[in-house]
Amino acid sequence: MTRPLLFGLLAALMLIGTLQPWLPASSGTYRDQVAVLMYHHVADDAESSSTVSTDLFRRQLSYLKQQGYHFITMQELIRYYQGDSVPEKAVFVTFDDGYRSFYTGAYPILKELDVPAVNFAITKDLENPDLPSIPALKKEQIREMLAYRPGMFDIQCHTHELHYKAGHESALSGRLQTSAGTAESDQDYAARIRQDSESCARTIQDLYGDPVAPQTYAYPYGLHNAAVQSYIRESGFRYAFTIVSGMATRSSDSMAIPRINAGHPGIEPEFLDKSIQLRIERVTRPHKPEGV
């Protein structure tokens, strides 16, 4: 582990320890909203601020089930945004980056505990999955998970090949420099985002064998803007996730759905429970379904 990463991890753990006494005890149920959890890497041979061990991952999910939380599928979340109901204390599990550890570390636990999940993959990495510094999912592993129980596990889009920073912006939301050293034009930017989104959508379509399979998207680093939303919608994506912490409700923009980070090694099960409880929103009246 590098020194900056170690210092960052220690600082985060100190912050979690400081906040723990101030969080309220679990106050029971909530309705008509969903706690969308965010993970990245589940592994026992790596350490980082976005890696949890298999033991912690199992304990988190087991504890939430013991506390009466109900885990839902991606399609159930979509139907919720379209007007359907969800169970009380609904939770949806998401992963970013398409790491192979989703198959080797998380998938056995998810099956054991009967918990659905989606992984937002960088689809370019699937072409040569051993090339990234953290190996990516193999297509045969993805197809096995999709077939396990249709609708329980999903693979969706985290860009095709735009998961990197361009200055202070992401390559998705920011303008790249041309060979002449100038910022790309509005037309070139639009063409680049559309092309990447369409490539991601085609890969997902091929994995599912279904032209309408690509529906959901996670923004790299959570960075996005109105133009990005418009361009990825043109490729068929109707729901997109940020890293803004909060509960998903029908008042949330379906192209900017908040999530609660559960993938830090210092987030013990009780803390995760309290973190969800702290973010419960008061839903006083029904909202119109998305698109109405």
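1. A residue is called buried here when its relative accessible area is under 20%. The model is a predicted one, and in it both faces of strand β1 are covered, with Val34, Val36 and Met38 buried on one side and Ala35, Leu37 and Tyr39 buried on the other. Since 6 of the 6 residues of β1 (residues 34-39) are buried, this strand is largely enclosed by the rest of the structure.

2. As for its partners, β1 pairs with strand β5 (residues 90-97) in the parallel sense over 6 bridges, and Leu37 stands opposite Val93 of β5. Strand β12 (residues 260-261) also runs parallel to β1 and is joined to it by 2 bridges, with Met38 placed opposite Asn261.

3. Thr94, which belongs to strand β5, is buried with a relative accessible area of 0%. A polar atom of the Thr94 side chain lies 2.7 Å from the backbone oxygen of Leu37, while a polar contact of 3.0 Å links the side chains of Thr94 and Arg259. Beyond its neighbours within four places in sequence, Thr94 has contacts that include Val36, Met38, Tyr39, Val118 and Phe120.

4. Which residues line the second largest pocket? They are Met38, His40, Asp96, Asp97, Tyr99, His158, His163, Tyr219, Tyr221, Gly222, Ile243 and Asn261, a lining that divides into 5 nonpolar, 5 polar and 2 charged residues. The space in this pocket comes to about 180 Å³.

Technical notes
Residues numbered from 1 in each chain as written. Predicted model: local features only at pLDDT ≥ 70, side-chain atom pairs only at ≥ 80, totals over all residues. Heavy atoms only, no water. 1 Å grid on protein atoms, 1.4 Å probe; cavity = no way out; pocket = protein on both sides within 12 Å on 5 of 7 lines; lining within 4 Å. Points joined across faces, edges and corners; volume = space filled by probe spheres on them. Nonpolar A, V, L, I, M, F, W, Y, C, P; charged D, E, K, R; others polar. Buried < 20%, exposed > 50% of the residue type's maximum accessible area, 1.4 Å probe, protein only. Helix = DSSP H or I, 4+ residues; strand = E, 2+ residues; numbered from the N terminus. Pairing = 2+ DSSP bridges. Polar contact = N/O pair within 3.5 Å; in protein donor to acceptor, adjacent residues only side chain to side chain. Contact = heavy atoms within 4.5 Å.
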